[in-house]
Amino acid sequence: MTDDVHEVYAVRYAHHDRKAPENFIGGDPHDILQPLAYYVWAIVGPHGTYVVDTGFDRAMADKRGRIIVKPIDEGLQTIGIQADAVEDVIVTHLHYDHCGNHDMFPHARYHVQDEEMAYATGRYMRHAHMRIPIETDDVVAMVRKVFADRVLFHDGADEIAPGITIHRIGGHSKGLQCIRVKTRRGHVVLAADASHLYSHINEGRVFPVTFNVGDVLEGYRTIKRLAESPDHIVPGHDPLVAEIYPAAAPGLEGLVVRLDVAPTRVG
Ligand SMILES: [Zn+2]
């Protein structure tokens, strides 16, 4: 393995059944199930292990009507990652499904965009509509980490380690960032919620929870520019990701998959 080439995993931890029209501004003509899958991601390479997002716990799943399929620390253990040994967590944005489990990584520092922290603690949070995907306790927990000097702030594009860069996209949340990782099959982009499903980026459609529609659409272009090919774009909530990428090990099919290996079919 060279100095800047990494393994990348998607670790599926939760599930939500919903109808397709709920996933798009303007709805969808098909009244079919289009569930969301919930993931965290792990980047493993010569510079250590980087966990991307921290998901939510069972209490939050109950509160929000989601189903935990495998607790995140157990999912990470299947690929040899002990949560309490993780030193770096990259938080894509401060929505409840990306920054819970506040104490799961006690020795990690957290990489967050300036813009996202300002957004989640600023004037827009006075509005109930803007708070729908954001939990007070998650934001407070992150503020506590700031005061404990455990947050590394980034302003736009930045390098986390050789072969790992972050890119502010905004749109869905004001300071949302995606991650570009060099792998043996080329540069993979973990889009997170810059594209919830393949259909969002492939068809130029927009998820209903959105801070700025224009930035979502511009973000699709940025992601396509950063990724080696459309096959290298990993949407944040598409159940297909867990199906079309190979399992990290036998028995992990549909739960923990390798993204640094080509998918078995097109998303
Ligand atoms: Zn999300």
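Glu135 counts as buried at 11% relative accessibility (buried means under 20% relative accessible area, exposed over 50%, and partly exposed in between, with a 1.4 Å probe and protein chains only). The model is predicted, so local features need pLDDT of at least 70 and side-chain atom pairs count only at pLDDT 80 or more, while totals for chains, interfaces and linings use all residues. Residues are numbered from 1 along each chain as its sequence is written, and side-chain values use heavy atoms, with hydrogens and water left out. Here is a friendly tour of some salt bridges and one histidine.

**Glu135 and its partner**

- Glu135 meets Lys63 through their side chains in a salt bridge, at 2.8 Å from N to O (a salt bridge is a side-chain nitrogen of Lys or Arg within 4 Å of a carboxyl oxygen of Asp or Glu).
- Lys63 belongs to helix 1 (residues 58-64) and Glu135 to the loop between helix 4 (128-131) and helix 5 (136-147), so the bridge ties together parts that are 72 residues apart in sequence (helices, H or I with at least four residues, and strands, E with at least two, are DSSP runs numbered from the N terminus).
- Lys63 is exposed, its relative accessible area being 58%, whereas Glu135 is buried.

**Other salt bridges**

- The count of salt bridges comes to 13.
- Asp88 pairs with Arg109 in a salt bridge whose closest N and O atoms are 2.8 Å apart.
- That pair links distant parts of the chain, with Asp88 in strand 5 (residues 88-90) and Arg109 in strand 6 (residues 109-113), 21 residues apart.
- Asp88 is buried at 7% relative accessibility, while Arg109 is partly exposed at 40%.
- Arg184 and Asp260 form a salt bridge at 3.8 Å, N to O.
- Arg184 sits in the loop between strand 10 (177-183) and strand 11 (186-192), and Asp260 in the segment after strand 13 (256-258), so their bridge ties together parts 76 residues apart in sequence.
- Arg184 is exposed at 59%, but Asp260 is buried at 2%.
- A network of salt bridges links Arg184 and Asp260 with Glu7 and Arg258.

**His237**

- His237 lies in the loop between strand 12 (233-235) and helix 8 (239-244), and is buried at 2% relative accessibility.
- The His237 side chain reaches the backbone oxygen of Ala37 at 2.8 Å.
- Leaving aside residues up to four places away in sequence, His237 touches several residues, including Tyr38, Asp97, His98, Asp193 and His196 (contact means heavy atoms within 4.5 Å).

Terms used: A polar contact is a pair of N or O atoms within 3.5 Å; within protein, one must be able to donate a hydrogen and the other to accept it, and residues adjacent in sequence count only if both atoms are side-chain atoms.
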